[in-house]
Amino acid sequence: MINGIINVYKEWGFTSFDVVAKLRGILHERKIGHTGTLDPEATGVLPVCIGNATKVCELLTDKDKVYRTVMHLGITTDTQDMTGTVKEDRSREAALLKEQTVEAAILQFVGDYEQIPPMYSALKVNGKKLCDLARAGIEVERKARTVKIFSIEIEKINLPYVTMQVHCSKGTYIRTLCADIGEVLGVGACMESLVRTRVSVFPLEEAHTLAEIEKIRDEGTLEELILPVDRVFEGKTKLTVVPEAFRFLQNGNRLNDGNFTDVPEKIADGEQVLVYDPMGHFYAVYQYERETKDYKVRKMFGA
């Protein structure tokens with residue numbers, strides 16, 4: 001059985017569910033999960049978890065992401081991207097904007113930002129997906145949510161088009177960001193295209209298409225693509241249990257400093273650590289509790 005993560009390049013036209021379904025056939029594995037949807041028209045990084053790595057799907061969904069998008073100023077649509085019906089075309093006005101004005105409007109969104117989710121999204125209201133309601137011609141009130149834009153790098157301005165790279169928190173809709181920028185500029189805007197270039201520690205440069213994964217499988221070198229689960233937790237403290245304490249780890253018991261081969265001088269209260277078995281295999285995530293001076297299991301993965 002395969003346990004690990006594959007950095008998949010989601011191609012145009014595929015849904016995230018399509019990618020999972022095709023990978024099940026390629027890998028002959030049933031336990032596979034994706035880490036956050038990408039619209040069929042979007043491309044880019046989609047980490048896919050296999051086997052016991054599916055336990056980190058939720059964690060990866062919560063990670064920050066980086067996108068490269070082309071914003072089309074002057075065009076507003078019902079979907080906030082170019083797949084929708086055009087509601088207004090003010091491209092001529094947009095083409096006359098000054099670059100400095102456009103730049104200033106974009107950069108004011110860096111930081112915490114109250115964003116209203118679009119109607120064409122998979123979010124549910126009273127048990128119904130917003131996109132299904134939108135297709136039925138029903139619009140409902142949506143509450144604004146706080147998202148964070150860590151940075152926006154403007155790569156090219158060729159009005160009415162602007163190419164930019166956005167580093168943002170989970171739950172950020174880039175097409176809504178484009179629409180909101182257009183509103184500030186008074187000409188409207190929508191998203192022309194979108195590529196996800198990074199999810200957490202998984203960059204676009206290391207992503208593989210489904211065809212590439214199938215070819216690598218046929219060459220017998222699939223293990224080179226499977227990334228270990230602990231890759232997700234880069235930067236966290238790593239602790240290895242002594243052989244005598246391995247049975248405690250297997251059972252998910254609480255552990256103390258004496259159960260490890262070596263412990264750093266200071267571990268903060270509530271800090272999560274990676275715990276490895278005596279053979280060096282990643283086994284679990286534990287959390288230190290200062291009050292009891294020991295570690296409580298948060299998530300088990302096994303060898």
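This is a predicted model: local features need pLDDT of at least 70, side-chain atom pairs count only at pLDDT 80 or more; totals for chains, interfaces and linings use all residues.
Q: Roughly antiparallel or oblique, then?
A: Oblique, because roughly antiparallel needs an angle over 145 degrees. At about 130°, α4 is therefore oblique to α6.

Q: Which residues meet there?
A: From α4, Thr101, Val102, Ala105 and Ile106. They meet Ile181, Val184 and Leu185 of α6.

Q: And by class, how many are nonpolar, polar or charged?
A: The contact of α4 with α6 has six nonpolar residues and one polar residue, with no charged ones.

Q: Switching to strands. What is the order in the open sheet of four?
A: The order is β14-β15-β16-β17, and the pairing is mixed.

Q: Which ones are the edge strands?
A: β14 and β17, the latter at 294-300; each pairs on one side only.

Q: What does the twist average?
A: From one strand to the next, the twist averages 40°.

Q: Take β15. Is that strand mostly covered or mostly exposed?
A: Mostly covered: β15 spans residues 272-276, and four of its five residues are buried.

Q: How does β15 run relative to β14, parallel or antiparallel?
A: Parallel, with three bridges joining β15 to β14, which is residues 238-240. Leucine 239 stands opposite valine 275 of β15, and threonine 240 stands opposite tyrosine 276 of β15.

Q: And on the β16 side, how many bridges?
A: Five, between β15 and β16 (residues 282-289), and these two strands run antiparallel. Valine 273 stands opposite tyrosine 286 in β16.

Q: What sits between the strands in that hairpin, and which residue takes a positive phi?
A: Five residues lie between β15 and β16 in the hairpin. Glycine 280 takes the positive phi, near 90°.

Definitions and conventions:
Residues are numbered from 1 along each chain as its sequence is written. Side-chain values use heavy atoms; hydrogens and water are left out. Buried means under 20% relative accessible area, exposed over 50%, partly exposed in between (1.4 Å probe, protein chains only). Two strands pair if DSSP finds at least two bridges between them. Axes are lines fitted to C-alpha atoms, for helices over the stretch in contact, and angles run from 0 to 180 degrees between N-to-C directions. Angles under 35 degrees count as roughly parallel, over 145 as roughly antiparallel, 65 to 115 as roughly perpendicular and the rest as oblique. Contact means heavy atoms within 4.5 Å. Ala, Val, Leu, Ile, Met, Phe, Trp, Tyr, Cys and Pro count as nonpolar, Asp, Glu, Lys and Arg as charged, and the others, Gly among them, as polar.
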